[in-house]
Amino acid sequence: MAAPPTEAGPRCSDDALVGVGDHAVVSRIQSQAYARMVPLNVSLELTLKCNIRCLHCYNFDRDGDGPASCSGGAGAPAPELSLEEIFRVLSELRAAGTLFLSLTGGEVLSSPHLFPVLDRALELNLAVQLLSNGTLLRPGVAARLAGYRNLLGVSISLYGATPEVHDSVTQIRGSWRRTMDGAARLKAQGVAVRLKLIVMRPNVHEVAAMRALADAAGYPYLLDLTVTARHDGTRGSLALRITDDELAALYRGSLRDLLPRGDRVVDEAAFPCNCARGNCAISARGDVFPCVSVPWAAGNVRAQPFGEIWRRSPVFQRIRGLEIADYPACAPCPDKAFCSRDRGAAYNASGSYTGTDPFVCAAAGVARTVAEEDARGAAAGASHVDVRLPLAVAGAR
Amino acid sequence: MTYQRDLGLPFQTLDEETIVVDPRTREVHLLNDTAARIWELLAAAQSVDELTRALGEEYEAPADELRAGVEELLAGLGGKGLLAAAGTR
């Protein structure tokens, strides 16, 4: 066996694994998959339907007419994949080398296909995690999920520490309570639960409380500060982004411990992410994307076998061949070491995989400014601040 | 006595190694190529004799060494909870 690469391909929070993500063996095989370009991690969107109407939803504007252009380009939208089509895709994924399958939506628990897909994934020995809003985790559902031997866990999105704030984002009264109850039911059943805390203007004042809530309940969590433009091309979600001043205040306050230090080496080996290397996503309509956040279709599983798309797609070939110099704004940027380089945000903001998102760029600048302030403070004898994690990925515990 | 792997456990083969994930214990195990072959055979219930015989047809090694290796691996897999309950035939 060839020695695994010494440098793991940087991974984004979208495919962080619940339960085993920090395991040393997982890190090693992720590096191997990255180097060998094996689609070890695949996100599969079972449906675009959702039972809540989040203001920031990246799929499409939930207050609009529907997902007309979401994930599918121009023309009438294609139907969502049938169960038969999903079963075929799962077999193709298995054959291509997939081990970790993230089932997402829309709301994954609103899909009638969920349990048949879990059954099939079990037969195929795929490790599954669910990404959910948690509101449909009724007692019977939680118990049924807990019975799956191949279930890694469930990532549950939370948008506030209080019902008022969370429900104002989901636009569904009672959703916070149902989400928290659903998470508790899973935990009680022994299922690994991780919260995804998405920071935006409506909840920016509750960041510390959200973290405290997760800690008190014993849930690991990821923090994401980047609300992106939607896959349907609408940009109303961007109004929810926190401002530079709010971000600076967070880094000086409740997120001090997560402030990037700026000591990451961003060289040719470290710059690419796992898109189209060890990771990809399949939309509810069968489009194959480099990752769940980047709706740049490399092909469609209705037209081609997955393995053929993975190996031969010009889109994936292009991504795999990119070098830092191909990112015109990033290559000379002095803030690279402070930047999350969120490909989804960049693609949705600029329409280009190698483009930029002004929010992400500004956030890197804010992080640098605050980190330099801290460094000057430390040099002057101020108390030390532990700064270690990048902007958008902040696992606790 | 026969042995069979826990058929519900996720696994995949990458670079001649097999990765076995146990979501319940949140442990991940790596099997080398010989162990991976035994893991593959354990899709159906197998006795130590049957496993040793099958490996003997594929690997050039003395039978007693193969048998000892099979027994050691089965003990390891069993200790980690990766086998279904042993059966009899």
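1. **Helices H5 and H6 of chain A.** In this predicted model, H5(A) and H6(A) lie roughly perpendicular to each other, because their packing angle of about 105 degrees falls in the range 65 to 115. H5 covers residues 163–170 of chain A and H6 covers residues 175–188 of chain A. Their axes are 8 Å apart. On the H5(A) side, the contact uses Pro163(A), His166(A), Asp167(A) and Thr170(A). On the H6(A) side, Ser175(A), Trp176(A) and Arg177(A) meet them. By class, this contact has 2 nonpolar, 3 polar and 2 charged residues.

2. **The loop between H5 and H6.** Gln171(A) sits in the loop that joins H5 and H6 of chain A. Its backbone deserves a look. Phi of Gln171(A) is near 60 degrees, a positive value in a residue other than glycine.

3. Met37(A) belongs to the loop between H1 and strand E1 (41–45) of chain A. It has 15 C-beta neighbours inside 10 Å, so Met37(A) is classed as partly exposed.

4. **A cis peptide bond.** Check the bond from Gly105(A) to Gly106(A). It is cis, with omega near 25 degrees. Gly106(A) is placed in the loop between strand E2 (100–104) and helix H3 (114–123) of chain A.

5. **Chain A overall.** Chain A has 397 residues, and 52% of them are buried. Its secondary structure comes to 12 helices and 9 strands. Consider the contacts in chain A with a separation of 6 or more: 75% of them are between residues 24 or more positions apart.

6. **The sheet of chain A.** An open sheet of 9 strands runs in the order E6-E5-E4-E3-E2-E1-E7-E8-E9 (chain A). Its pairing is mixed. Which strands stand at the edges? They are E6 (221–224) and E9 (299–300) of chain A. Each has a single partner strand, so one side of each has no neighbour in the sheet. At the E6 end, strand E5 (residues 193–198) of chain A runs parallel to E6(A), joined by 4 bridges. One bridge partner pair is Ile198(A) with Asp224(A) in E6(A). As background, strands of a sheet pair through backbone hydrogen bonds, either parallel or antiparallel.

7. **The nonpolar core.** The largest nonpolar core holds 133 residues. Those touching the most other members are Leu101(A), Leu103(A), Val128(A), Leu197(A), Phe289(A) and Ala367(A). Which helix gives the largest share of this core? Helix H12 (residues 358–379) of chain A does, with 8 residues. In soluble globular proteins, nonpolar side chains tend to be buried together. Leaving aside its neighbours within four places in sequence, Phe289(A) is in contact with Cys280(A), Ala281(A), Ser283(A), Val294(A), Pro295(A), Trp296(A), Ala297(A) and Ala298(A).

8. **Glu85 in chain A.** Glu85(A) is located in helix H2 (residues 83–96) of chain A. It counts as partly exposed, because 15 C-beta neighbours lie inside 10 Å. Not counting residues up to four places away in sequence, Glu85(A) touches Gly286(A) and Arg302(A). Glu85(A) and Val301(A) are 216 residues apart along the chain, and their C-alpha atoms are separated by 8.5 Å.

9. **Where chain A meets chain B.** The contact takes 23 residues from chain A and 15 residues from chain B. On the side of chain A that touches chain B, the elements giving two or more residues are helix H1 (24–36) and strand E4 (151–158) of chain A. H1(A) gives the most, with 6 residues. By class, this side of chain A divides into 15 nonpolar, 6 polar and 2 charged residues.

10. **The sheet of chain B.** Here 3 strands form an open sheet in the order E2-E3-E4 (chain B), with antiparallel pairing. E2 (11–14) and E4 (27–31) of chain B stand at the edges. Each has a single partner strand, so one side of each is left without a neighbour in the sheet. The twist averages 20 degrees from one strand to the next. E2(B) is joined to strand E3 (residues 17–22) of chain B by 4 bridges. Gln12(B) has Ile19(B) in E3(B) as its bridge partner.

Notes
Residues numbered from 1 in each chain as written. Chains lettered and ligands numbered in written order. Predicted model: local features only at pLDDT ≥ 70, side-chain atom pairs only at ≥ 80, totals over all residues. Axes fitted to C-alpha atoms, helices over the stretch in contact; angles between N-to-C directions. Parallel < 35°, antiparallel > 145°, perpendicular 65-115°, else oblique. Contact = placed C-beta atoms within 7 Å. Nonpolar A, V, L, I, M, F, W, Y, C, P; charged D, E, K, R; others polar. Buried ≥ 20, exposed ≤ 12 C-beta atoms within 10 Å, placed from the backbone. Pairing = 2+ DSSP bridges. Core = buried A, V, L, I, M, F, W, Y, C linked by C-beta atoms within 7 Å.
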